[in-house]
Amino acid sequence: MTLHATEPAAATDAVLDREETISRDELEALQLSRLQHTVAYAYDRVPLYKRKFDEAGVHPTDLRELADLGKFPFTTKEDLRLEYPFGMFAVPQHEVARIHASSGTTGRATVVGYTKKDLADWAKLVARSLRASGVRPGMKVHNAYGYGLFTGGMGAHAGAEALGCTVIPISGGQTERQITLIQDFKPDAILATPTYLLTIADAMMKQGIDPASTSLKYAVLGAEPWTEEMRHELETTMNIKACDIYGLSEVMGPGVAGEAVETQDGSHIWEDHFRPEVIDAFDPTKVLGDGEHGELVFTSLTKEALPIIRYRTKDLTRLLPGTARPAHRRMGRITGRSDDMIILRGVNLFPSQIEEIALRIPELSPHFQLELTRPEGQRMDQLTVKIERRESVSVEGVASAAKVLQQQIKIHVGSSCTVNVVEPGSLERSNGKLRRIYDLRPKA
């Protein structure tokens, strides 16, 4: 049977890992056992953790139940930077099978390491995530995540191979070649950031190719926040089912959580390997209950080379009950990162809010930038939203769309702004992660 985007593969089509099917009680018992081991392992092997635990007055033996995790100190990106390059590693160098690192564009790079077991676990969890999102053994998978020190490309690659797929390792960029290979190799699924898949679709249309006519049926998208409106845009334009995959290098890489194609209601966190918490972003001593919105925190349960205890991700979301995988809780949509938040005249604003509003206005495209300025002699910051009109919209029809966007931002975000609707194709396109915010304010 030919599988089309309107006929998502059900979970019954695939053999699930045993841990995907256990009860919540069984899962929490497994978490507690693994958590107790990990906390003791990190304390014994990583000097930073021994120092932080001792300073906080806690010991691994204090962790008697899952709620006791809240007694332990957080790990931050700054901790990893201070321990650069290998101070966070819990195994000797000869046991480290691979090293990845962040780009270091906002400071010293964060370095992560993996043992052979870590790599096998990572591949298994990416495979689990891809399978949940509709990808099946034997499918051809076009991998447009960047390869190299970034965890996305090689992590996704290993997971697709572990699932039994044929991987096309194109990496990011070279958009024209991406299109050629999609047409010639006829992949079933594509792995990319959502904004880069949008770039590919736009480039296809410019070449006179209908993006909905390709062989692609599934897209597994991550590495940046995206909205339900963006999902609708991509699914409609490309005739695919688009699902989220979540991860970050400090915790593992892609595959920490994955979205089920049959429900498309948020990514299930693979809680047999990670213990999530949500804390109050403004008062991190408060651990919030399920359903409450705050900052996501992760503790690894099975990592050998780099165990991570209560890592503050800066991602803002909430925890929800499991659906397609009932024992594993889901993440709500990430509304943004606490370090991406714009405070404009006392109002908190995220790029994802603008995306959500703009994509409800038919005349406007998903391509936008946010410019922050402070005009000379003024004390108040100004926000300008630059957004492209759609090709089918006349210049005359743009003014009313700009006014609607300006009004909706004022109503739903609570801040005034200037909207500048620009020509299609005039704004920078994504080759991976897209920069949305341009801070042009004078430096102090």
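Is Gln174 buried, partly exposed or exposed? At 48% relative accessibility, Gln174 counts as partly exposed, where buried means under 20% relative accessible area, exposed over 50% and partly exposed in between (1.4 Å probe, protein chains only). This is a predicted model, in which local features need pLDDT of at least 70 and side-chain atom pairs count only at pLDDT 80 or more, while totals for chains, interfaces and linings use all residues. Residues are numbered from 1 along each chain as its sequence is written, and side-chain values use heavy atoms, with hydrogens and water left out.

**Nonpolar cores**

- The largest nonpolar core has 68 residues, of which Tyr49, Phe53, Leu130, Val135, Tyr246 and Phe298 touch the most other members; such a core is a set of buried Ala, Val, Leu, Ile, Met, Phe, Trp, Tyr and Cys residues joined through side-chain atoms within 4.5 Å.
- With 6 residues, helix α5 (residues 116–132) gives the most to this core; helices (H or I, at least four residues) and strands (E, at least two) are DSSP runs, numbered from the N terminus.
- A second, separate core of 26 residues includes Ile179, Ala201, Met238 and Leu359.

**Packing of helices α2 and α3**

- The axes of helix α2 (residues 24–45) and helix α3 (residues 47–56) come within 5 Å and cross at roughly 105°; axes are lines fitted to C-alpha atoms, for helices over the stretch in contact, and angles run from 0 to 180 degrees between N-to-C directions.
- α2 and α3 are therefore roughly perpendicular to each other, a description that applies to angles of 65 to 115 degrees.
- On the α2 side the contact (heavy atoms within 4.5 Å) is made by Val39, Ala42, Tyr43 and Arg45, and on the α3 side by Pro47, Tyr49, Lys50, Phe53 and Asp54.

**Cysteines**

- A search of the whole structure finds 0 disulfides, a disulfide being a pair of cysteine sulfur atoms within 2.5 Å.
- The sulfur of Cys243 is too far for a bond, because the closest cysteine sulfur, in Cys165, is 14 Å away.
- Cys243 is buried, with a relative accessible area of 0%, and Cys417 also counts as buried, at 6% relative accessibility.

**Loops and backbone**

- Gln174, in the loop between β4 (166–168) and α7 (175–185), has a positive phi of about 50° although it is not a glycine.
- Lys186, in the loop between α7 and β5 (189–192), has a positive phi near 55° and is likewise a residue other than glycine.
- The peptide bond from Tyr84 to Pro85 is cis, with omega near 0°, and Pro85 lies in the loop between α4 (77–82) and β1 (98–101).

Technical notes
Parallel < 35°, antiparallel > 145°, perpendicular 65-115°, else oblique.
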